[in-house]
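Colleague: Please put the model up, and I will ask about its sheet, its helix contacts and some single residues.

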Amino acid sequence: MKWINTKAHNRWLEQETDRIFEFGRKSVVPTGFGWIGNNGNIRKEMGTQLWITARMLHVYSLAALMGRPGAYKLVEHGINSLNGALRDKKYGGWYANVNDKGVIDASKQGYQHFFVLLGAASAVTTGHPKARQLLDDAIEVIEKYFWSESEQMCLESWDETFTTTEDYRGGNANMHAVEAFLIVYDVTKDKKWLDRAVRIASVIIHDVARNNNYRVNEHFDSNWKPILDYNQNNPASHFRAYGGTPGHWVEWGRLMLHLRATLISINADVPEWLLDDAKNLFAAGVRDAWSVDGAEGFVYTVDWNGQPVVRERIRWVIVEAMGTAYALYVATGDTQYEKYYQEFWDYCREYLMDYETGSWWQELDTSNKASSKVWDGKQDIYHLMHCLVIPRLPLTPGLAPALALGLLDHNVQ
């Protein structure tokens, strides 16, 4: 049975994409895009988080390029928000969190700034007249504060004034830097972004994770030495969870396949390990996390022996697994990946898709019932694009650039 690149399956993906786009429209607030609760309403107490606003700019750039009425206005809203209350006009960069009354968190977070970079680059492909300046501004901040020439890696965070940075180095922020760098390359054609992406992947995946049974370490000191017990007493941290987060392992795999495809497309040198490591990252995620504790679904985190730590099922994990299964199928032609793709979709339809209050549940408990132990609410719709839109596109260029070129459903049979 074949689903990938068939008209019928892609038509179903199209319908679900529209449902999700409509749900996301509920997140508009005066200062950007807000945190959506489980009931579909804004959780005002969470403020306007930079990462959510930047990701929704990216998402509605995709929607605009897919011809969804009203989406371009949301691109405009996203750009204006990043030029408005979220922007630090004194010290540069963007605040982590604001609300109608002012700044809640003035710190400058790398993870969040890389989403600004992604959102701005995606917006450029829509032709919005303010998008290129936003991208240029984001590139300037990344170059000045977050890309370390001496380390050839990305820094984690700064204080409000860009005076003090953490000794901590984060794999999660660097992974999303790779994601953004790929789209920035598509828009600018400056190969340094691809070179940087290869460098980051080589350190975190090929040097460290490969020698740890592909259990990706995300916590490092300033010398890029892994900190194996980081957050052991706070294992369910949103962005710095203890141990391994298999959802990031598979997400890394997909990003490396996009990187590989882009390098191939420009006849550049392609490290052989990009494909090998991508396959092994996916295999490790399935091995350690997929239906391993007596119930269906991916556990959220595991320890360094592969044993579950946080057993809740988090939406974005399986979403990334689906996108990577598709990418591996395209890259290898191996039908095992299509079987996983279908198996994962069956799980999502059974447990995660919420037709009553909208979108998908963000978290399920160990019995696959909706819960909020780790994540309270449905936040945004960014990750869902990786199972709804990526399976209808080639591996290069990236999402928005590919949509701008009219490559949606490029290979439908």
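This is a predicted model: local features need pLDDT of at least 70, side-chain atom pairs count only at pLDDT 80 or more; totals for chains, interfaces and linings use all residues.

Colleague: In what order do the 3 strands of the open sheet lie?

Modeller: Strands are DSSP runs (E, at least two residues) and helices likewise (H or I, at least four), numbered from the N terminus. Two strands pair if DSSP finds at least two bridges between them. The pairing in this open sheet is antiparallel, and the order is S3-S4-S5.

Colleague: Why is one side of S3 and of S5 left without a neighbour in the sheet?

Modeller: Strand S3 covers 48-49 and strand S5 covers 102-105. Both stand at the edges, so each has a single partner strand.

Colleague: Which residue is the bridge partner of Gln-49 in S4?

Modeller: S3 and strand S4 (residues 97-99) run antiparallel and are joined by 2 bridges. The partner of Gln-49 is Asn-97.

Colleague: How many residues lie between S4 and S5 in their hairpin?

Modeller: S4 and S5 pair in the antiparallel sense over 3 bridges. Asn-99 has Gly-102 in S5 as its bridge partner. The hairpin formed by S4 and S5 has between them a stretch of 2 residues.

Colleague: Are H6 and H8 roughly parallel or roughly antiparallel?

Modeller: The axes, which are lines fitted to C-alpha atoms over the stretch in contact, with angles from 0 to 180 degrees between N-to-C directions, come within 11 Å for H6 and helix H8 (residues 246-265) and cross at roughly 25°. Angles under 35 degrees count as roughly parallel, over 145 as roughly antiparallel, 65 to 115 as roughly perpendicular and the rest as oblique. H6 and H8 are therefore roughly parallel.

Colleague: How many charged residues does the contact of H6 with H8 have?

Modeller: Contact means heavy atoms within 4.5 Å. Residues of H6 that meet H8 include Met-175, Val-178 and Leu-182, and those of H8 include Trp-252 and Leu-255. Ala, Val, Leu, Ile, Met, Phe, Trp, Tyr, Cys and Pro count as nonpolar, Asp, Glu, Lys and Arg as charged, and the others, Gly among them, as polar. By class there are 7 nonpolar and 7 polar residues, and the charged ones number 2.

Colleague: Are H8 and H9 roughly parallel or roughly antiparallel?

Modeller: The axes of H8 and helix H9 (residues 273-289) come within 8 Å and cross at roughly 160°. That makes H8 and H9 roughly antiparallel.

Colleague: How many nonpolar residues are in the contact of H8 with H9?

Modeller: Among the H8 residues that meet H9 are Trp-249, Met-256 and Leu-263, and Leu-281 and Phe-282 are among those on H9. Beside 2 polar and 3 charged residues, the nonpolar ones number 16.

Colleague: Is Lys-189 buried or exposed?

Modeller: Lys-189 is in the loop between helix H6 (171-188) and helix H7 (192-208). Its phi is positive, about 65°, although Lys-189 is not a glycine. Buried means under 20% relative accessible area, exposed over 50% and partly exposed in between (1.4 Å probe, protein chains only). With 54% relative accessibility, Lys-189 is exposed.

Colleague: Is Gln-379 buried or exposed?

Modeller: Gln-379, in the loop between strand S13 (363-364) and H12, also has a positive phi, about 45°. Most residues other than glycine have a negative phi. At a relative accessible area of 2%, Gln-379 is buried.

Colleague: Which residue is joined to Pro-397 by a cis peptide bond?

Modeller: Pro-397 is in the loop between helix H12 (385-388) and helix H13 (399-404). Most peptide bonds are trans. With omega about 0°, the cis bond joins Pro-397 to Thr-396.

Colleague: How far apart in space are Ala-236 and Val-374, C-alpha to C-alpha?

Modeller: Ala-236 lies in the loop between strand S11 (219-220) and H8, and is partly exposed at 22%. Not counting residues up to four places away in sequence, Ala-236 touches Val-310 and Val-374. Ala-236 and Val-374 are 138 residues apart in sequence, and their C-alpha distance is 6.1 Å.

Definitions and conventions: Residues are numbered from 1 along each chain as its sequence is written. Side-chain values use heavy atoms; hydrogens and water are left out.
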